[in-house]
Amino acid sequence: MIGEAAVRAGCRFYAGYPITPQNELAEYTASAMARLEDGTFIQAESEIAAINMLIGASMAGARVMTSSSGPGISLKQEGISFLAAMELPAVIVNTMRGGPGLGNIAPAQGDYFQATRGGGHGDYRTIVLAPASGQELAGLTRKAFEYADEYKTPVFILGDGMMGQMMEPVEFPEPIDPRSLPPKPWILDGAKGRPSRIIKSLLLDTSVEEDHNWKLTRKYERITREIARADTYMTTDARLVVTAYGTAARIAKGAIKRARELGLKVGLFRPVTLWPFPKRALVEMSRQVKDFLVFEMSTGQMLEDVKLSLEGRSNVHFYGRPGGIISTPDEIAKVINTLYHRQHLNED
Amino acid sequence: MAKKVFQRPKYLKKAVFHYCPGCGHSIIHRLIAEIIEELDIGEKVIGVPPAGCAVLAYDYFDVDMGESPHGRGAAVATGIKRILPDRIVFSYQGDGDIAAIGTAETIHAANRGENITTIFVNNGVYGMTGGQMAPTTLAGQNSTTTPGGRDVKRDGFPLDLSEMLAIARGSVYIERTAVNSPKNIMRTKRAITKAFKAQMDGLGFSLVEILSPCPTNWKLSSVDACKWVEESMVKTFPLKVIKDEVEGAIS
Ligand code: SF4
């Protein structure tokens, strides 16, 4: 699905290395690129080589993508830091699995910190998009390429194995011919009729590096203002709001439906951008909601962003299942029910 | 009328090299710039400098240059070339960069037959970081991390990367030269020219390994460093055409 959406977004370069649970994406992209006259698919010798091929192809002006899962994403971090430093657009898909270490191949959300905190060395951030349905995945893949180009920065699509296996009817956006995209005035394509260009990240002069860091920071602030986004479900009268993203948000939605049947006023706050975290919208909601339940398929990572955003304005509770365990909506409904009564939310 | 017989090549910027006196990098930079001019490809070339002493190569070459993380030159060059197949793409890499941390990227780029050219500068030490053992440090050679000299039982053997790359089926031209004498410098220039031409003809992966003096870390005078190349280095790394599938194929 991402493969098709990427090609339609004008992506013409993919490099990757096999790792479960996301091989279907690479395989699909291999055939899609083969059908295109100007498409390149490279099965790289390593995750490191793949991300570095993206660096080159991005320097040359193409829309580029790679995909992997936990252990592979860790290996790519060197290159992602360079992409951020050199301000090169790229899209990186992480189909999260259980970890740390080799972990397992079941759906999990343990790579939130890695994705939202920069992941590699140095002072930088990456945009992180977290789709929760097939349709959203298709739309956000398009957005990922647009953000990457607009802000000249690497963009993550953070999903999990569940999302990879989803079978849903999806309407794809119209395909874009990459030649119709606005030219990038910074690429390396040979200094013909113009001064030669340099793309680099080495800034030996400490004051120059400091300036660069602040320049990147201002860009990240602009991104935070412009794209932070969350989706809500049944929050208008909610007394308890579950905060979850991706697959966990889908499970939570099912749980909320059950809780509503029992007459509990529960809603969902679902960050669509994990970085920038939709802090403003959450703070806004805390005027009305005094209890938030963070639900993650991890031991609690987004939990920190929720707490940092709310700064003690509301009670923040947590329920998590790490290791590739997929909670059922019934299980979460029970957690909601218990919490709802413990916090006396059923009383007027 | 006076004729100018020696001037700055067109594709070298008006910058002062930061390289130590007697360093081979300065000579190799000049050769590459001359070749770019002679082949008239200055508007089509994209260079990929390494991490190492030549990290600032982009301050000298007046062509498009894109930095690579340490050792990843072949992968970065691959990405550029696949998007812009009619440009001339070269990576410039030292021995630690290409034969230690970047071995995998290099071997697989060669094996895929990526149509790029790699300039492999072999001076047997990590220059930039202060003279640690490189994969190409000779047996017995001193370095800051091999007390008493490289002991092959403890530190392993010098790596014949170019010979390994010649085995890769996608490589078409691999030659080892040196820049320690006028004769060898001319031979190096011919080799790099041929490597670029192989790429211009779309033949596949080409590489020139250049034995290059590092007087600073070898703790020798410039003259003695050149002698040491001749007397010691070439015994382990003989100067020769290692692979040539270009003859006859070149236009
Ligand atoms: S340390 Fe060696 S390789 Fe580096 S610039 Fe000096 S002489 Fe050249």
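Because the model is predicted, local features need pLDDT of at least 70 and side-chain atom pairs count only at pLDDT 80 or more, while totals for chains, interfaces and linings use all residues. Residues are numbered from 1 along each chain as its sequence is written, chains are lettered from A and ligands numbered from 1 in the order in which they are written, and side-chain values use heavy atoms, with hydrogens and water left out.

The largest nonpolar core has 106 residues, of which A:Met59, A:Met65 and A:Ile127 touch the most other members. Here a nonpolar core is a set of buried Ala, Val, Leu, Ile, Met, Phe, Trp, Tyr and Cys residues joined through side-chain atoms within 4.5 Å; buried means under 20% relative accessible area, exposed over 50%, and partly exposed in between (1.4 Å probe, protein chains only). Helix α3 (residues 47–59) of chain A supplies the largest share of this core, eight residues. Helices (H or I, at least four residues) and strands (E, at least two) are DSSP runs, numbered from the N terminus. Both domain 1 and domain 2 of chain A contribute at least three residues each to this core. Beyond its neighbours within four places in sequence, A:Met59 is in contact with residues of chain A, including A:Met86, A:Trp186 and A:Ile199, and with B:Gly66, B:Glu67, B:Val76 and B:Ile80. Another core, of 39 residues, lies apart from it, with B:Tyr11, B:Ile41, B:Tyr58 and B:Ile210 among its members.

Helix α2 (residues 23–35) of chain A has 13 residues, which should span 18 Å at 1.5 Å a residue; its end C-alpha atoms are 19 Å apart, in agreement. The expected span is 1.5 Å times one less than the number of residues. Buried residues of α2(A) are A:Asn23, A:Leu25, A:Ala26, A:Thr29, A:Ala32 and A:Met33, and these pack against α1 (2–8), β1 (11–16), β2 (40–43), β3 (63–68) and β4 (90–96) of chain A.

Two further residues of chain A are worth a look. A:Lys76 lies in helix α4 (residues 70–86) and counts as buried because its relative accessibility is 0%. Leaving aside neighbours within four places in sequence, the contacts of A:Lys76 are A:Glu47, A:Ala50, A:Ile51, A:Thr66, A:Ser67 and A:Ser68. A:Ile176, in the loop between α7 (161–165) and β7 (198–199) of chain A, is also counted as buried, at 18% relative accessibility. The C-alpha atoms of A:Ile176 and A:Ala9 are separated by 5.6 Å, although the two residues are 167 residues apart along the chain.

In chain B, B:Met200 belongs to helix α7 (residues 182–200) and is partly exposed, with a relative accessible area of 36%. Not counting residues up to four places away in sequence, B:Met200 touches B:Leu39, B:Ile41 and B:Ile88.

Finally, the ligand is surrounded by residues of chain B, among them B:Tyr19, B:Cys20, B:His25, B:Asn123 and B:Asn217. Helix α8 (residues 215–218) of chain B gives the most to this shell, with three residues.

Terms used:
Near = heavy atom within 4 Å. Domains from an automatic or database assignment. Contact = heavy atoms within 4.5 Å.
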